[in-house]
Amino acid sequence: MPASGSKRRVLGRVTILDIAKATGISKSSVSRFLDDRLPPSDSEAARLVRRTAEELGYVRDVSAASLRRGTTGMIGVIVPRLTDTVMAMLYEALARAAQRTGRFTIVATTEDEPEADRRAAAMLLARGVDGLVLSTTRSGDRFADDLKERGVPFVLALRTDGRSPSSVGDDRLGGYLATRHLIDLGHRRIGLIAGPAYASSAAGRVAGYRSAMEEAGIGIDPRWIVQSTFGIDAGHQAATTLMKLTDRPTAIFAVNDNTAIGALSALAQLDYSVPEDVSVVGYNDIPIVSHLPMPLTSVRVPFDQIATSTLELLVGKKEHSEPAVRVAAPTLIPRRSTARCSG
């Protein structure tokens, strides 16, 4: 008989069967109404089930549900480091996307070292994760191919090898937008802090830079392109190198915000004024850059969209035999660090 009024708590663990008995609703319907992986029902029966579950102190047994489905509901995420704001933002976006599907994430950091990536993957797989998200892919590395051969579900995020399921930003477009912005402000000598050549994200942004310069008929001096890591110190060093050129750049495009922040530091140290002497553009639009003493023009990457697509590729139904690549469009956010060229 359906329960009404107050309900006393059941001794021991409350089960789906307890709620079914208390409400008079079938066990299968109760299970469906309490499955947070499904869209919530607003029917009277569903509301009764949820109210009764709360009153009885029901807690979903995730491990039992996982055993029934042959899954754990855990997704392993491998990032270079969480001190990098970009990677922290990606991980938080992935955690939110996973939570919406009733799953949770566990992260491993590897300092962007290929062997550490393999050890981290082995550790996560040993703990029963249902799949992996990798943001550490390097050009020429076969780790993703090895995972595919072993039948391990995985998706690449932010970086891609061009062969595997991937969810990335349109880095070429973003690099083009950043450079075109500077060209439109009258800059012709545009330095590039290029990031590491092994990261597809950096390579795409460099390609966008080259495309915009060629479209504008501007010859590129090879000395204007300085390879770096993604760190602040690397940006400081690269900007120092650029500003020592006899015919120095009037603008600098850094392929991530950390290196752009390093560039701002170097320019201040060298007594150059931004943007009067040198304009600076970063990439990713991490939260701090809009609050700097000189707010940084940057290219905004839609991390939530990338994370949602990553989870869809990882846990969604496989409709095509070819690897899927989801590409999210970036947006240029102009701020005070860029201005019309004065020299």
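Guide: Let us start with strand β4 (residues 154-157) and strand β5 (residues 166-169), which run parallel and are joined by two bridges. Within this pair, Leu-156 faces Ser-166 of β5. Strands here are DSSP runs of E with at least two residues, helices are runs of H or I with at least four, and both are numbered from the N terminus. Two strands count as paired if DSSP finds at least two bridges between them.

A word on the model before we go on. It is a predicted one, in which local features need pLDDT of at least 70 and side-chain atom pairs count only at pLDDT 80 or more, while totals for chains, interfaces and linings use all residues. Residues are numbered from 1 along each chain as its sequence is written, and side-chain values use heavy atoms, with hydrogens and water left out.

Now step back to the sheet. β4 and β5 belong to an open, parallel sheet of six strands, ordered β2-β1-β3-β4-β5-β11. At its edges lie β2 (104-109) and β11 (325-328), each pairing on one side only. On average, neighbouring strands of this sheet are turned by 20° against each other, direction ignored. Helix α6 (residues 114-126) packs on the sheet, where it touches β1 (74-79), β2 and β3 (131-134), and its direction makes about 170° with that of β1. For such angles, axes are lines fitted to C-alpha atoms (for helices, over the stretch in contact), and the values run from 0 to 180 degrees between N-to-C directions. Contact means heavy atoms within 4.5 Å.

There is another open sheet of six strands, in the order β7-β6-β8-β9-β10-β12, and its pairing is mixed. Here the edge strands are β7 (225-226) and β12 (331-333), each pairing on one side only. Follow β9 (residues 279-284), a strand with six of its six residues buried; buried means under 20% relative accessible area and exposed over 50%, with partly exposed in between (1.4 Å probe, protein chains only). β9 pairs in the parallel sense with β8 (residues 251-254) over three bridges, and Ile-252 has Val-280 in β9 as its bridge partner. β9 also pairs in the parallel sense with β10 (residues 297-300), over four bridges, with Asn-284 partnered by Arg-300 in β10. β10 in turn is joined to β12 by three bridges, and these two run antiparallel; Val-299 has Leu-332 of β12 as its bridge partner. Helix α8 (residues 171-184) lies across β6 (190-193), β8, β9, β10 and β12, at about 165° to β9.

One last stop is helix α3 (residues 44-56). Its buried residues are Ala-46, Leu-48, Val-49, Thr-52, Ala-53 and Leu-56. Seen down the axis of α3, they fall within an arc of 160°, so they line one face of the helix; the arc is that of the directions from the helix axis to the C-beta atoms. The exposed residues Glu-44 and Glu-54 sit on the face turned away from that buried side. Among what covers the buried residues of α3 are α1 (16-23) and α2 (27-33).

To set these parts in the whole, the protein chain has 12 helices and 12 strands, and 50% of its 343 residues are buried.
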